[in-house]
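User: I am new to reading protein models. Can you walk me through a few features, one at a time?

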Amino acid sequence: MADSVLVGQYVETHSIFHRLDPRTKLIGIVILMLSFLTLGTGLSYVIATFFVFGILLFSKVPFHFFWRGLRPLLFILLFTFVYNAVFTKGTILWSWSFIEVTEEGLRMGLRFVWRIILLILLASILTLTTKPLDLAYGLEKLLAPLSKLGVPVEQLSLMIVIAIRFIPTIKEELDRILLAQKARGYDLTALSPPRRIFAYIPIIIPLLFTTIQRAEQLSYAIDARAYGNGKGRTSYRVLQLQQMDYIAVGVALLFAMILLGLKIGKV
């Protein structure tokens, strides 16, 4: 089950994206995600798809790993598609009782699902190619100007990275609990879907208990290393932008302008 978690894992493949500065990846991801809000035409979706899959190819992370990460979201994607297909008014293609499937709904549902998949794949590149400590350090440097306004930047960046890193850890704990119950003869997979949903409720209590224990141990470890509020701490690795970082940001900006141009041209 832990292998199906896409967010929070790091895969070492020595690709171009692994060598980029974490600040570059953060800025580039934000630019690309904002550019996806301008997707409207079929051509823009095709261009965005080729661009994202090109990034996945250059990251050298196996594609089957992304598929395993998307599988837990298939129900949400299917629900999004069906919801738009049924509740969007337009030309009716099929109807039964009060349920009506429209042509406009199918198109809107497909676009929503398509965009969500692209966003998930794009966001996953950040954690898959960046170590948690490097991500925290890069986020801290980007948010450094906010410290003048009294914002605890160091603590905020550390909290965000720990929260992301805890996602696969919680999945691992859930996997252990399910295996323990299966060893006692209680297999959830043998239950019907409605009963399976209610069977997960008793699992929440031990899952929360173990998660709180891990969080407490982590807080003790941070205090034992005298982290404090994080202010004034130095780093062994000093971040420095290279030529490749400027090229990567330039490519992201160029891609965003192309999508924006397609959006304006449609209007």
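User: Let us begin with threonine 49. Is threonine 49 buried or exposed?

Analyst: Buried means under 20% relative accessible area, exposed means over 50%, and partly exposed lies in between (1.4 Å probe, protein chains only). Threonine 49 has a relative accessible area of 17%, so threonine 49 is buried. A word on the source: this is a predicted model, where local features need pLDDT of at least 70 and side-chain atom pairs count only at pLDDT 80 or more, while totals for chains, interfaces and linings use all residues. Residues are numbered from 1 along each chain as its sequence is written, and side-chain values use heavy atoms, leaving out hydrogens and water.

User: Which helix holds threonine 49?

Analyst: Helices are DSSP runs (H or I, at least four residues), numbered from the N terminus. Threonine 49 sits in helix α3.

User: Which residues does threonine 49 touch, not counting residues up to four places away in sequence?

Analyst: Contact means heavy atoms within 4.5 Å. By that count, threonine 49 touches Trp114 and Leu118. With tryptophan 114, there is also a side-chain polar contact of 2.8 Å. A polar contact is a pair of N or O atoms within 3.5 Å; within protein, one must be able to donate a hydrogen and the other to accept it, and residues adjacent in sequence count only if both atoms are side-chain atoms.

User: Now the rings. How many aromatic pairs are there?

Analyst: Rings of Phe, Tyr and Trp (its six-membered ring) pair if their centres lie within 6.5 Å; planes under 30 degrees apart are stacked, over 60 edge-to-face, and the rest tilted. The count here is five aromatic pairs. Take phenylalanine 36 and phenylalanine 255: their centres are 6.2 Å apart, with 80 degrees between the planes, an edge-to-face pair.

User: Where in the chain are phenylalanine 36 and phenylalanine 255?

Analyst: Phenylalanine 36 is in the loop between α2 (22-35) and α3 (42-59). Phenylalanine 255 is in helix α11 (residues 243-266), 219 residues apart from its partner. Phenylalanine 36 is buried, at 1% relative accessibility. Phenylalanine 255 is buried too, at 5%. Ring pairs also bring in Phe51, giving a cluster of Phe36, Phe51 and Phe255.

User: What about threonine 169 and threonine 211: how many residues apart are they in sequence?

Analyst: Compare sequence with space. Threonine 169 and threonine 211 are 42 residues apart in sequence, and 8.6 Å apart in space, C-alpha to C-alpha. Threonine 169 is found in helix α8 (residues 153-183). Its relative accessible area is 11%, so threonine 169 is buried.

User: Is isoleucine 247 buried or partly exposed?

Analyst: Isoleucine 247 lies in helix α11. Its relative accessible area is 42%, so isoleucine 247 is partly exposed.

Definitions and conventions: Helix = DSSP H or I, 4+ residues; strand = E, 2+ residues; numbered from the N terminus.
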